[in-house]
Amino acid sequence: MNWKFSTSRELLERCAEAGLALADYLVAREAFHSGKTPEAIREELNRRIRVERAALDRGITEAQVSFSGMTKGAAVKLAKGDPVVEDEFFQKALAYALAINEVNACGGRIIAFPTAGSCGIVPGVLWAWKDARAPGLDPESKLFQDAFVVASGIGILIAMRATLAGASGGCQAECGAAGAMAAAGLASLLGSDAPACLDAAALSLKNSLGLACDPVAGLVEVPCVKRNAFLAANALTAVSLSRAGISSVIPFDEVVGAMKAIGDAMPQAIRESAEGGLARTPTGISYQERIK
C-alpha cells in the first residue's frame, strides 16, 4: 500500500487506491509507520481524547488563574455568562476551547493539537458538538474517533507543505491550522465526505491567514487563550458554509501554499519573538516587567 502523499489530492488518491475511508487510511498509515496495530493506534487515540476531556472538565469547572495574572478563569465566566448567541453548541464550543487552553496556560496536562497554544480549538469544537447535539454518543465510538483522525490529517498536510510553528509562520500556523483541523473534524462528525471536509478546512484556514504570533511577555496566554475561542467560532462558520453548499474558491492545497508564503514574509517581530504586536504595547511591556 502506498503511504506517501504531500497534497490533499494525493491523499484522496491514496485512500481511493486502498479502498479506505480517509480516517481508516490515516489510522492504517500510522500503524505502518509506528509498527503498531490499528487497534493499538485507536486505543492511544482514545487515551488522548480522555486527556483532552479531563483538561476541559478542569477548565470549565475550576477558574484557571495563571502566575502572570493574564489568565483569569475566562471559561468559567463565559459558561455562566449571558450569551449573545443562544445556541448550546456554539456556547460550549467557545467555552470549551477557552477551558482547555487555560489549563495549558496554568501548567495543566493537555494534548498539543497541533500545538500547546492552539490546544483547545479541535477538542473544544468536537466535544461541544457531542455534549450539545449527541449526548448519548459513546466518546470512544469510531464516529467520534474518526473526527479527531480527520482533523489530524489536515494537520499533517499543513505540516508537510507549510508549518505548524508560530515561530516559523505566525499564529496562522498554530490557531489558524487548528481552526482548519476543527472544521474538517466537525464536518466529518456531521457526515461530510472527505472532499467536503477539506473544503471546510480551506474556508477556515483562508480566513485566518496572516495572524501574528505576538505573545505578551513571551507566554502562551495573550492573545493565545482567547484566540482559541475565536478560532473555534471560525471553524463553526466554515462548516456551516460548507454544508450549505458554499465552497472555497481557492482549493485547500493552494490555501496552505498561501499560508506558507505569508508566513515566510512575516517580520520576525511577529513570529513568536515577543518583539512586536501586542507584546510591545504599553500594557504588554508592563506585564513583561512585572513577571521578570
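Which residues do ring pairs link into a cluster? In this predicted model, the cluster is made of W3, F5, Y25 and F32.

**Helix α2**
- Helix α2 covers residues 22-34, which makes 13 residues.
- From its first C-alpha to its last, α2 reaches 18 Å, close to the 18 Å expected at 1.5 Å a residue.
- Several α2 residues are buried, among them L22, Y25, L26 and R29.
- The cover over the buried residues of α2 includes α1 (8-18), α3 (38-61), α7 (142-161) and α10 (194-206).

**Aromatic pairs**
- The count of aromatic pairs comes to six.
- One of them joins W3 and Y25 in a tilted arrangement, with 5.3 Å from centre to centre and 35 degrees between the planes.
- This pair links distant parts of the chain, since W3 sits in the segment before α1 and Y25 in helix α2, 22 residues apart.
- W3 is buried, with a relative accessible area of 13%, and Y25 is buried at 0%.
- F5 and Y25 also pair: their ring centres are 6.4 Å apart and their planes meet at 55 degrees, so this pair is tilted.
- F5 lies in the segment before α1 and Y25 in helix α2, so the pair ties together parts 20 residues apart in sequence.
- F5 and Y25 are both buried.

**Charges over rings**
- R53 lies over the face of W127, 4.7 Å from the ring centre.
- R290 lies over the face of Y287, at 4.3 Å from the ring centre.

Conventions. Residues numbered from 1 in each chain as written. Predicted model: local features only at pLDDT ≥ 70, side-chain atom pairs only at ≥ 80, totals over all residues. Heavy atoms only, no water. Helix = DSSP H or I, 4+ residues; strand = E, 2+ residues; numbered from the N terminus. Expected span 1.5 Å × (residues − 1). Buried < 20%, exposed > 50% of the residue type's maximum accessible area, 1.4 Å probe, protein only. Contact = heavy atoms within 4.5 Å. Phe/Tyr/Trp six-rings, centres within 6.5 Å; stacked < 30°, edge-to-face > 60°. Lys NZ or Arg CZ within 6 Å of the ring centre and 35° of its normal.
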